[in-house]
Amino acid sequence: MQPERSDTEIIVEYSAHPDARLYLRSEDGELHVWDLRSLGAIARAGGPSHEIAVIEPATRPVKLLIIEKGSGLRVAARVHVHGAHGEYLPPKGHHRKVNAGWFQDYAGELLNGLNQYAYVDGSCDIDLPLGTVFVEISRGFEVQPLGRMVEIAANTELVTFERDKVLHWREQGWVSADTHVHFLSPRTALLEGQAEGVNVVNLLALQCGEMFSNVADFDGRMTIGAKDFGGDGEFIVRVGTENRQQVLGHISLLGYEGEMIHPLSSGGSNEGAIGDPLETTLAEWAQRCREQGGLVVLPHSPNPQSERAADIVLGLIDAMEMKSFNPYASQISAFVLADWYRYLNIGYHVRLVAGSDKMNAAALLGGARTYAQLGARGFTYRNWMEAVRSGDTFITVGPLVNMTVEGKRPGSKIVLPPSGGTVNLDWRIESVSVRPTLVEVIRNGVVLERIPCENLSCRGNLAIQVKESSWLAIRVRGSVAGRDADIAAHTSAVHVEIGEKPIFAEADAVSVLAQIEGSIAYIDTLAPKTDEARHSRLRATLELAHHRLHELGAGHAHIPVHSVRVAREH
Ligand SMILES: [Zn+2]
Ligand SMILES: [Zn+2]
């Protein structure tokens with residue numbers, strides 16, 4: 001729920017001697033004067049109370065304690081408290097006005113629309129006014145969020161809130177993750193992960209021109225919060241890198257070991273420094289990440305994107321990320337999903353992940369998140385990467401989705417005889433607050449069936465006749481902010497292959513081929529070059545991708561691509 005901003009009222013804060021007077025001039029020029037010592041009396045005496053009301057000062061020190069039902073253990077949470085007049089009451093050590101500026105406030109806070117929050121580790125000290133205060137506490141997608149009025153008396157010292165986990169997907173082998181977080185310290189990222197119910201936070205070091213962030217937090221070795229490093233192993237943070245080039249694209253290199261993969265940015269501004277030459281391709285970055293045991297993710301699809309097509313064709317990409325800075329502002333994009341569908345339609349089994357790309361206090365860590373099924377594996381960072389590679393994932397801003405086809409999980413392949421056959425698709429959806437409104441069965445990027453979902457939870461199944469190679473997934477509609485067409489969740493795909501003939505939609509292949517040609521044209525024309533040998537090597541990578549896709553059968557009238565050996569004007 002968002003508060004309404006008043007057009008007719010303002011809050012005046014002052015610090016003054018008790019004998020001082022407050023002067024306010026209204027728009028019509030009339031001067032209003034109040035004796036500060038009698039302000040309260042005027043309001044209470046029914047004088048000009050329509051013009052001025054006193055907000056009770058927050059002077060009562062109170063401890064808020066948040067514990068888990070059953071165990072009684074203190075648990076991290078996101079907390080918002082406001083007084084009777086809507087005034088935000090921050091816990092001690094937190095800003096009264098959360099600063100949403102880029103790279104400005106990374107103090108464990110959130111500005112969600114007009115609502116402000118603080119992240120606390122199970123308890124906080126807070127000065128409260130006497131009377132009624134409103135408390136909101138949330139703890140991720142499996143715990144019932146709480147909104148409660150609490151009476152504060154002159155002798156109130158402690159208020160305890162018990163939180164109950166009502167969904168148990170973690171216990172069923174699912175772990176949640178944000179694949180894309182910036183700027184936070186590793187400790188703050190761990191706290192926000194714990195408070196948002198995000199088991200794995202990927203904190204990515206970054207270069208923006210002359211600015212570097214989280215570089216010294218990277219050691220290629222430690223998973224913060226893991227049992228091996230003194231944590232409880234249930235919430236972990238791993239520092240990786242997002243390597244960036246303003247035209248070829250950005251690429252997230254998660255969880256790799258050893259030395260940091262440089263350059264963090266290349267090819268000049270905006271991502272690199274002004275004048276920096278193009279030293280590498282995304283493909284080279286991805287290859288090194290693989291060699292160092294990491295997971296390669298295409299972040300915030302599809303922008304900027306020119307080389308991503310080639311890297312998918314070259315088999316260097318583990319997952320494609322759907323980004324939402326904050327689902328309150330915008331959720332999972334249908335446009336971006338359509339881009340992912342295109343790659344599935346030409347036979348590339350790219351897994352789906354989601355992240356926030358959090359770079360300021362208005363972005364919600366884990367607002368859009370990945371759930372990955374561990375299966376028989378125990379929970380470690382390495383096993384989380386394995387789970388993503390296996391493709392058994394879904395992404396969500398709230399509703400949790402389990403899908404199987406003939407009992408097979410997303411990421412797997414079912415082979416049917418050349419005559420085809422019928423497969424049974426089952427789904428189960430559960431949510432604590434974001435209501436799933438519509439379940440859509442997606443086949444090859446097209447809606448096959450729409451089934452309304454009446455409650456927070458629903459389940460169903462569908463028998464699907466398959467005559468040609470296909471992929472199947474579940475898309476769930478539902479909105480954090482009440483927008484009709486919002487997409488709330490999506491599973492990765494189960495692939496059904498008929499008679500060993502892989503899926504191949506030529507129109508999609510031609511469009512991907514055109515993207516690869518665009519990248520080659522960029523390298524040949526605008527990219528800032530160093531030397532011919534390096535240039536030829538970078539170009540060869542893209543040519544290889546072009547060649548491979550051609551071999552698969554993407555035929556089209558060639559748009560001529562610039563050759564380095566042919567003189568040109570630009
Ligand atoms: Zn980026
Ligand atoms: Zn980023």
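## Helix H6 and its end

Just past helix H6, Gly391 adopts a positive phi of about 90°. H6 itself covers residues 381-390; helices here are DSSP runs of H or I with at least four residues, strands are runs of E with at least two, and both are numbered from the N terminus. Within H6, the buried residues are Tyr381, Asn383, Trp384, Met385, Ala387 and Val388. Buried stands for under 20% relative accessible area, exposed for over 50% and partly exposed for anything in between, using a 1.4 Å probe and protein chains only.

A quick word on the model: it is predicted, so local features need pLDDT of at least 70 and side-chain atom pairs count only at pLDDT 80 or more, while totals for chains, interfaces and linings use all residues. Residues are numbered from 1 along each chain as its sequence is written, chains are lettered from A and ligands numbered from 1 in the order in which they are written, and side-chain values use heavy atoms, with hydrogens and water left out.

## The zinc pair

Start with the zinc ion (ligand 2): its protein donors are His180 (NE2), His182 (NE2), Glu242 (OE) and Asp357 (OD), at 2.0 to 2.4 Å. Donors are N, O and S atoms within 2.8 Å of the metal (3.2 Å for Na, K and Ca), and since water is not among the atoms, sites may look incomplete. Along the chain, the spacing reads H-x1-H-x59-E-x114-D. The four donor atoms subtend angles of 79 to 172°, so the arrangement is irregular. (Four donors count as tetrahedral if all angles lie between 85 and 135 degrees; four count as square planar and six as octahedral if opposite donors are over 155 degrees apart and all others between 65 and 115; anything else is irregular.) His182 sits in the loop between strand S11 (174-181) and helix H2 (186-196), and Glu242 in strand S15 (residues 236-245), so this pair links parts 60 residues apart in sequence.

The zinc ion (ligand 1) has Glu242 (OE), His250 (ND1) and His300 (NE2) as protein donors, 1.9 to 2.1 Å away. His250 belongs to strand S16 (residues 249-254) and His300 to the loop between strand S17 (295-298) and helix H4 (308-313), so these two tie together parts 50 residues apart in sequence. Glu242 bridges the two zinc ions, ligand 1 and ligand 2, which lie 3.5 Å apart. Glu242 counts as buried because its relative accessibility is 2%; for His182 the value is 1%, also buried.

## Ser356

Ser356 lies in the loop between strand S19 (351-355) and strand S20 (369-373), and it counts as buried because its relative accessibility is 0%. Its side chain makes a polar contact with the side chain of Asp178 at 2.7 Å and reaches the backbone oxygen of His180 at 3.3 Å. A polar contact is a pair of N or O atoms within 3.5 Å; within protein, one must be able to donate a hydrogen and the other to accept it, and residues adjacent in sequence count only if both atoms are side-chain atoms.

## Nonpolar cores

The largest nonpolar core has 73 residues, and Ile251, Met322, Trp340, Ile516 and Leu549 have the most contacts inside it. Such a core is a set of buried Ala, Val, Leu, Ile, Met, Phe, Trp, Tyr and Cys residues joined through side-chain atoms within 4.5 Å. Helix H7 (residues 506-525) contributes the most to this core, with seven residues. Apart from this core lies another, of 31 residues, including Trp169, Met403, Leu425 and Ile429.
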